[in-house]
Amino acid sequence: MLFEVEDAKVAYRAPGRPPFMAVRGVSFTLGEGETLGIVGESGSGKSTLAKALTLLMPFAGGSVKFRGREISAFTRAERAAYRRQVQMVFQDAAGSLNPRMSIRAALDETLRVHHPEMDRARRGARIAELLDRAGLASAVLDQYPRELSGGQCQRASFARALAVEPSVLVADEPVSALDVSVQARILNLLRDLRRNLGIAVILVAHDLAVVRNVCDRVAVMHRGVFEESGPAADVFDSPRSDYAKSLLAAVPDVKRALAARAAAQAPTA
Ligand SMILES: Nc1ncnc2c1ncn2[C@@H]1O[C@H](COP(=O)(O)OP(=O)(O)OP(=O)(O)O)[C@@H](O)[C@H]1O
Ligand SMILES: [Mg+2]
């Protein structure tokens, strides 16, 4: 099991104020290669949980185990290993890429840090492979983040995360800033990660149709807790809590809708 999380809490602290519990106690497990979608209204704590899982914030309580080890008890070396194993892709991908580095330089640096055993030629070959995996043309290699579109930046940021060969990718709203056709390609990329590389994904998304389409399991977050979680089909088809019911009521079954559209467009013999 990659993650075993029980009653995890995350708080924001400011001087002179009581801590604000943005995550008040969530529990879930995530197996190798599984995809967990986290949905819920704005302010429910999704990004806060994602930040804590990527060690950008500490947990304030509960138990979070990664491969059986409590992360709060990690040694320095374990923390470093965890940071490699658990990669994050942000909504604002451009902001997470170094503006002064070309895409090639950024990927090359990541490879040099994480794979010191690779020589220049092997890094070059790996960069070409990563680019292909992320669906980017080699022309972007010598461009800087500001010269790329939102979708290209998002893919470059995926390529960089994949360069590290993580076991888990935490993606916080990776497609909400992109137009629909680009969204579809990024989602295919996410599915490809799981199918072909066995990378587990924690996907935070506003777009419920996206989650339904991509994730094995879904958690519905509300005011810092998971109101409901389980296999995507169960949660979407028969939500139990009133909150999940109201949130999920209007979500179309994307796969069915796409299949119907494809069937309608198929040339008739
Ligand atoms: N830096 C911060 N300091 C204090 N409180 C914060 C901070 N960042 C977020 N919060 C609060 O924590 C709660 C959860 O915020 P979070 O960003 O995790 O929500 P979210 O579910 O990701 O929302 P969205 O869907 O809008 O991205 C909110 O009430 C928010 O106001
Ligand atoms: Mg957020």
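## Polar contacts to ligand 1

Serine 42 places a polar side-chain atom 2.5 Å from an oxygen atom of ligand 1. Lysine 46 also reaches the ligand: a polar side-chain atom lies 2.7 Å from an oxygen atom of ligand 1. Serine 44 uses its backbone, with a polar atom 3.2 Å from a ligand oxygen. A polar contact here is a pair of N or O atoms within 3.5 Å.

The protein covers 60% of the 640 Å² of accessible area that ligand 1 has on its own. Accessible areas come from the Shrake-Rupley method with a 1.4 Å probe.

## Basis of the model

This is a predicted model: local features need pLDDT of at least 70, side-chain atom pairs count only at pLDDT 80 or more, and totals for chains, interfaces and linings use all residues. Residues are numbered from 1 along each chain as written, chains are lettered from A and ligands numbered from 1 in written order, and side-chain values use heavy atoms, leaving out hydrogens and water.

## The shell around ligand 1

The residues around ligand 1 include Tyr12, Phe20, Ala22, Glu41, Thr48 and His206. Each has a heavy atom within 4 Å of the ligand. By class, the shell has three nonpolar, seven polar and two charged residues. Gly counts as polar in this scheme.

Strand S2 (20-30) and helix H1 (46-53) each supply at least two shell residues. H1 gives the largest share, three residues. Helices (H or I, at least four residues) and strands (E, at least two) are DSSP runs, numbered from the N terminus.

## Helices H4 and H5

Helix H4 (residues 103-114) packs against helix H5 (residues 120-133) at an angle of about 115°, with the axes 10 Å apart. Axes are lines fitted to C-alpha atoms over the stretch in contact, and angles run from 0 to 180 degrees between N-to-C directions.

The contact residues divide into four nonpolar, no polar and five charged.

Note on methods. A polar contact is a pair of N or O atoms within 3.5 Å; within protein, one must be able to donate a hydrogen and the other to accept it, and residues adjacent in sequence count only if both atoms are side-chain atoms.
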